[in-house]
Amino acid sequence: MVGFMQIILLTLLVGAALYFFSRHADTVMRRIHPSQRSLWLLVATVLLLLGLTGKLSWVFPLMAAMAAAVARLMPVLMKLLAVYQHWLQHRRQHHTHHQHQDRAGASGKTGMTREEALEVLGLNADAQEDDIIQAHRRLMQKVHPDRGGSHYLASRINLARQVLLG
């Protein structure tokens, strides 16, 4: 037998669902593919009838409503997951970059000779300070990590500039 609290809760749930549907019916129905609309309406009607007649516990329509809400929020959740993964990747690269810098700084060496630095920047041995700055700027615009480039290449170009300019 259905208890008094279950009837009140079910009535509130049905009322909230009807209010939501009446306010957002056009938005909800546009998001559901036309071939699936009748199926969703049939499932919702069956669950509602089973809940109202007491053949289905009030928990199951609540779970169905929660599943629908999660399905509706899935694109937002997927975007948040992508942002979180990008943040983790950036954090790992940043951490690795700083470990590399710490090791180079601890040894007191940059790990790059003047000849290697000139080769990285594509310059001749008689390159002046302006040439070094222009070559650095030109290469960084191509390989900067913010533009989809490599952190490794950007760090090598920065290191080459640092070696050549002192």
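Predicted model: local features only at pLDDT ≥ 70, side-chain atom pairs only at ≥ 80, totals over all residues.
Figure 1. Trp-40 has its place in helix 2, which covers residues 34-53; helices (H or I, at least four residues) are DSSP runs numbered from the N terminus. Although Trp-40 and Ala-68 are 28 residues apart in sequence, their C-alpha atoms are 9.9 Å apart in space. Residues are numbered from 1 along each chain as its sequence is written, local features need pLDDT of at least 70, and side-chain atom pairs count only at pLDDT 80 or more, while totals for chains, interfaces and linings use all residues. Side-chain values use heavy atoms, with hydrogens and water left out.

**Figure 2. A nonpolar surface patch that includes Val-70.** The patch is formed by Val-70, Leu-73, Met-74, Val-76, Leu-77, Met-78, Leu-80, Leu-81, Tyr-84 and Trp-87, which together have about 950 Å² of accessible area, as given by the Shrake-Rupley method with a 1.4 Å probe, with only the protein chains shown counting as cover for residues. Patches are made of residues with over 30% relative accessible area and no salt bridge, nonpolar side chains (Val, Leu, Ile, Met, Phe, Trp, Tyr) being joined within 5 Å and like charges within 9 Å; a salt bridge is a side-chain nitrogen of Lys or Arg within 4 Å of a carboxyl oxygen of Asp or Glu. Val-70 is placed in helix 3 (residues 59-107), and its relative accessibility of 43% is why Val-70 counts as partly exposed.

**Figure 3. A patch of negative charge that includes Glu-129.** On the surface, Asp-126, Glu-129, Asp-130 and Asp-131 gather in a patch of negative charge, with Asp and Glu counted as negative and the place of each charge taken as CG of Asp or CD of Glu. Glu-129 belongs to helix 5, which spans residues 129-143, and Glu-129 counts as exposed because its relative accessibility is 51%.

Figure 4. Gln-162 is found in helix 6 (residues 151-165) and has a relative accessible area of 48%, so Gln-162 is partly exposed.

Notes: Helix = DSSP H or I, 4+ residues; strand = E, 2+ residues; numbered from the N terminus. Buried < 20%, exposed > 50% of the residue type's maximum accessible area, 1.4 Å probe, protein only.
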